[in-house]
Structure formats: C-alpha cells, structure tokens
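The following exercises concern a predicted model. Please examine the sequence and the structure before reading each solution.

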Amino acid sequence: MAVMINDTCINCAACIDECPVEAIVDESDNPTGEEYYYVYPDKCVECVGHHDAPACATACPTEGCITWDMPFTADHKEHYEAGNYIDGKNYVMDNADADMPFVDSISMDERTARKPVVED
Ligand code: SF4
Ligand code: SF4
C-alpha cells in the first residue's frame, strides 16, 4: 500500500483533502465495512513526487493512526492476498503487475511492524 489507517481513527476528516491522489475515503465508503477512514493501497503513492512525507499522516491528529504497510507492488502480491490486510481481510489485487511508488528509506521490517508514519 503504502500507508494504512487503523482503528484508532476518529473520523475527523483532516487527512482526506490532503491526499494528492484521492486515495482516502471516509467511513461510509470504507470497502472493508469498518467504521473509519481507509486508504486504497492501489491508489496511494506514499506522496512520492508530491510531498516530503505522507501528507495524510502529517495532518492526522491521532497518534499512531496512520502506519506504513508494504509497498503495493507485484513483489508483495501475496501480502495483500494472504489476509495480512486490514486485520485479516484479504485484498484482491486486480493488477498483478502493480508497481506503485513507495518511500524506499522505510525498511521492510518497519513496514511489517506497521510503524507509525509520524512518531513523537
Ligand atoms: S501517503 Fe500520500 S498518497 Fe498515500 S494516502 Fe496518504 S496522502 Fe494519499
Ligand atoms: S486524519 Fe487521522 S483520525 Fe482523522 S480521519 Fe484521517 S486517519 Fe482518521
């Protein structure tokens, strides 16, 4: 993906208009059925080419709410399809050749651990 929003989200809407690629939807459009905001991994570019850091996380007032996840690339197809996505819900990658931009300074260990994008 990219980044993901977890269940500490308070649905405040601070992030949604900050996204340069309209990857974020509100709780009413969350495709997982959860009652909080959601980032489409196949749209998120981790703000590469737009900002120095993910703009959604910079705007978010909730500590630890937006975390790193794996890059949305073909290398991580299994991650997204194996139930690692949004607390066990599978994500079907329509495009097996997915190759979304990602921040390469964030390690795979940090992504696996879902490190908060912004840390105090
Ligand atoms: S990291 Fe950037 S592109 Fe991804 S959801 Fe947040 S604001 Fe949008
Ligand atoms: S800014 Fe943070 S708390 Fe507010 S809606 Fe977005 S993810 Fe949720």
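**Exercise 1.** How many nonpolar, polar and charged residues does the shell around ligand 1 have?

*Solution.* Begin with the residues themselves: ligand 1 is surrounded by 16 residues, and the closest are Cys19, Cys44, Cys47, Pro54 and Cys56. Next, sort the shell by class: 14 residues are nonpolar, no residue is polar and 2 are charged.

**Exercise 2.** Carry out the classification for the shell around ligand 2.

*Solution.* First, identify the surroundings: 14 residues lie around ligand 2, with Cys9, Cys12, Ala14, Cys15 and Cys60 as the closest. Then assign the classes: the shell has 12 nonpolar and 2 polar residues, and no charged ones.

**Exercise 3.** In what order do the elements of the chain run from the N terminus on?

*Solution.* Count the elements: the chain has 3 helices and 4 strands. Then follow the chain from the N terminus, which gives the order β-β-β-α-β-α-α.

**Exercise 4.** How far apart in space are aspartate 75 and aspartate 99?

*Solution.* Note the sequence separation of 24 residues, then take the distance from C-alpha to C-alpha: aspartate 75 and aspartate 99 are 8.8 Å apart.

Methods. Residues numbered from 1 in each chain as written. Chains lettered and ligands numbered in written order. Predicted model: local features only at pLDDT ≥ 70, side-chain atom pairs only at ≥ 80, totals over all residues. Near = placed C-beta within 6 Å. Nonpolar A, V, L, I, M, F, W, Y, C, P; charged D, E, K, R; others polar. Helix = DSSP H or I, 4+ residues; strand = E, 2+ residues; numbered from the N terminus.
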